[in-house]
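Let's take a friendly walk through this model, with the cut-offs given along the way.

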Amino acid sequence: MQSIAIKFYDGIVNRGYDATLRAHANGAVVEYTDAQNSHQQKLYHYDDMIYIGPIGAVLPAIELPHDARIEFLDNHVPDWLDLKAKENAHRVHAIESSWRWIAISLVVTVAVVFATFRWGIPMASHAIAQQMPQDALNRIGGEAEEYLIDVTEKSKITATRQQQIRTMYQQQMQAKVPAKIIFREGGEYIGANALAIPNGTIMLTDELVELAENDQELLAVLAHEQGHLDQRHSLEQGLQSLGISILYVSITGDASDLFGSLPLAVVSAQYSQKFELKADQYAIDELKRQGISPKYLADFLKRLSDENEEEADADATDFMQSHPATAKRIAQVEAQL
């Protein structure tokens, strides 16, 4: 008679019985001695059996009605057990046990993760940023602006000078939506900086205004920040910094948890070089439209680069950390003089 030793769970008590599984014309019979020391025989038809193949170190098993279960003592499942899924399950186990397939799976997993962070998250962030309604931008940007106000001090630039800069911007800048210009003293936390906030605000720090040698350089900075605003770079960079959760939002449309973390992400995320080059190009085009040489932008970037090299405190947060004046950026400007 065809039979094998198994571990049997009857679904009544939480313990396994040493049992025997033997062949039957319509299925298989389980024989075991129960907790009352009574000999039991139970016939199970093939239609009632759900075969679970081995996975890694987990041995094969059969799920039965009423929470009963058969567990095999090794990976060998007798041929006389006519289970339709058995052959496929063994193939899966063979694949899982193959180091070659494990290596291939690892490579595929790494490739998927790389593609997700290299292309998936940026694409999802761009789509969300471009489609986000204005009221959401105002909410996110408003909270980001409040955070920046909290970490900076009241500007010491005279009201007259502030109004001169605002008037210059309003009269000369061609923007989709004119920005609100605010001034703050950056201090140790912000330093010489200019920030584009998604609610349509551009913040200039006293330190940055003092670094500019003329109004044309300030206009170049404002044009650069306007480029970030019009193209929603700060929002998109902030979204990218949130990582894999952005894919969840793009797939499900559920942004309920987004507004809690995004404002801080917007003000703390550093622009990618791609965004900086695009904003520089926006400024170049805007300066040329006004008949102003882009050299003012190049001069300001060079001065900022020199200031950054002379900065003694490497931990200071300044314009150069959020707007790195790399040689590539300067070269882009000088190529169009």
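**A covered helix and an open sheet**

Helix 8 is mostly covered, with seven of its nine residues buried (under 20% relative accessible area, with exposed meaning over 50% and partly exposed in between, using a 1.4 Å probe and protein chains only). The buried residues are His-233, Ser-234, Leu-235, Glu-236, Gln-237, Gly-238 and Leu-239. Helices here are DSSP runs of H or I with at least four residues, and strands are runs of E with at least two, both numbered from the N terminus.

This is a predicted model, in which local features need pLDDT of at least 70 and side-chain atom pairs count only at pLDDT 80 or more, while totals for chains, interfaces and linings use all residues. Residues are numbered from 1 along each chain as its sequence is written, and side-chain values use heavy atoms, leaving out hydrogens and water.

Helix 8 (residues 233–241) packs against helix 11 (residues 273–289) at an angle of about 175°, the axes lying 11 Å apart. The two helices are therefore roughly antiparallel to each other (an angle over 145 degrees). In this pairing, His-233, Glu-236, Gln-237 and Gln-240 of helix 8 meet Phe-275, Lys-278 and Ala-279 of helix 11, where contact means heavy atoms within 4.5 Å.

Now to the strands: seven of them form an open sheet in the order 4-3-2-1-7-6-5, with antiparallel pairing (two strands pair if DSSP finds at least two bridges between them). Strand 4 (39–45) and strand 5 (50–52) stand at the edges with a single partner strand each, so one side of each is left without a neighbour in the sheet. Strand 6 (residues 61–63) and strand 7 (residues 69–72) run antiparallel and are joined by three bridges; Ala-61 stands opposite Glu-71 in strand 7.

Conventions: Axes are lines fitted to C-alpha atoms, for helices over the stretch in contact, and angles run from 0 to 180 degrees between N-to-C directions. Angles under 35 degrees count as roughly parallel, over 145 as roughly antiparallel, 65 to 115 as roughly perpendicular and the rest as oblique.
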